Amino acid sequence: EKGDGNGVAFPHVLPKPRDFTAGKFKIRTTPSGSLPTTQDLKNIIRNGMPYTAMPAWRNLLADDDIRKVAAFVKRLDGRPPAPGSSDQSAR
């Protein structure tokens, strides 16, 4: 709910959910310590994350909803968007 990985499923899943409020992302095409691109996040949301509890949502969410989820996840750590990083990569 807060993006910190401590939701109701936390005690029941392995590996533990990622804390997006810490701004640490495992899968990205950007340098370490940087936010992933919107496209990076959309790919994970669409395809899921193998060997984790993150399912694929490609058949359950419309493209616009996936874009909105990606934008929400990018805001969870409180960093302002990088200059020039409008949601163009989201389309």
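1. The side chain of arginine 67 forms a salt bridge with aspartate 64, with 2.8 Å between the closest N and O atoms. A salt bridge here is a side-chain nitrogen of Lys or Arg within 4 Å of a carboxyl oxygen of Asp or Glu. Because arginine 67 and aspartate 64 are three residues apart in helix 2, about one helical turn separates them.

2. On the basis of the model: it is predicted, local features need pLDDT of at least 70, side-chain atom pairs count only at pLDDT 80 or more, and totals for chains, interfaces and linings use all residues. Residues are numbered from 1 along each chain as its sequence is written, and side-chain values use heavy atoms, with hydrogens and water left out.

3. The chain has two helices and zero strands. Helices (H or I, at least four residues) and strands (E, at least two) are DSSP runs, numbered from the N terminus. Of the 91 residues in the chain, 27% are buried. The accessible surface comes to about 6,400 Å², and carbon and sulfur atoms hold 58% of that surface; areas come from the Shrake-Rupley method with a 1.4 Å probe, and for residues only the protein chains shown count as cover. Among contacts between residues at least 6 apart in sequence, 42% join residues at least 24 apart, a contact being heavy atoms within 4.5 Å.

4. Aspartate 64 has a further partner. Its side chain meets that of lysine 68 in a salt bridge of 3.3 Å, N to O. Both residues lie in helix 2, four residues apart, about one turn of the helix. Salt bridges with shared partners join Asp64, Arg67 and Lys68 into one network. Aspartate 64 is partly exposed at 37% relative accessibility, and lysine 68 is partly exposed at 45%. As background, an α-helix has 3.6 residues a turn, so residues three or four places apart point the same way.

5. How many salt bridges does a search of the whole structure find? The count is three. One of them is between the side chains of aspartate 63 and arginine 46, at 3.2 Å, N to O. This pair links distant parts of the chain, with aspartate 63 in helix 2 and arginine 46 in helix 1, 17 residues apart. Aspartate 63 is exposed, at 52% relative accessibility, whereas arginine 46 is among the buried residues of helix 1. Beyond four places in sequence, arginine 46 is in contact with Gln39, Ala56, Trp57, Arg58, Asp63 and Ile66.

6. Which residues of helix 1 are buried? They are Thr38, Asp40, Leu41, Lys42, Ile45 and Arg46, and the buried residues of this helix pack against helix 2. Glycine 48 follows helix 1 and has a positive phi, near 80 degrees.

7. Leucine 41 belongs to helix 1, which covers residues 38-47. Leucine 41 is buried because its relative accessible area is 8%. Setting aside neighbours within four places in sequence, its contacts are Phe25, Pro36, Ala70, Val73 and Lys74.

8. Phenylalanine 20 and phenylalanine 25 have ring centres 5.5 Å apart and planes at 25 degrees, so the pair is stacked. Phenylalanine 25 is buried at 9% relative accessible area, while phenylalanine 20 is partly exposed at 27%.

9. The charged end of lysine 16 sits over the ring of phenylalanine 10, 4.7 Å from the ring centre. The rule asks for NZ of Lys or CZ of Arg within 6 Å of the ring centre and within 35 degrees of the ring normal.

10. Arginine 79 is in the segment after helix 2 (63-75) and is partly exposed at 32% relative accessibility. Not counting residues up to four places away in sequence, arginine 79 touches Gly23, Gly33, Ser34 and Leu35. Arginine 79 and glycine 23 are 56 residues apart in sequence, and their C-alpha atoms are 8.3 Å apart.

Key. Buried means under 20% relative accessible area, exposed over 50%, partly exposed in between (1.4 Å probe, protein chains only). Rings of Phe, Tyr and Trp (its six-membered ring) pair if their centres lie within 6.5 Å; planes under 30 degrees apart count as stacked, over 60 as edge-to-face and the rest as tilted.
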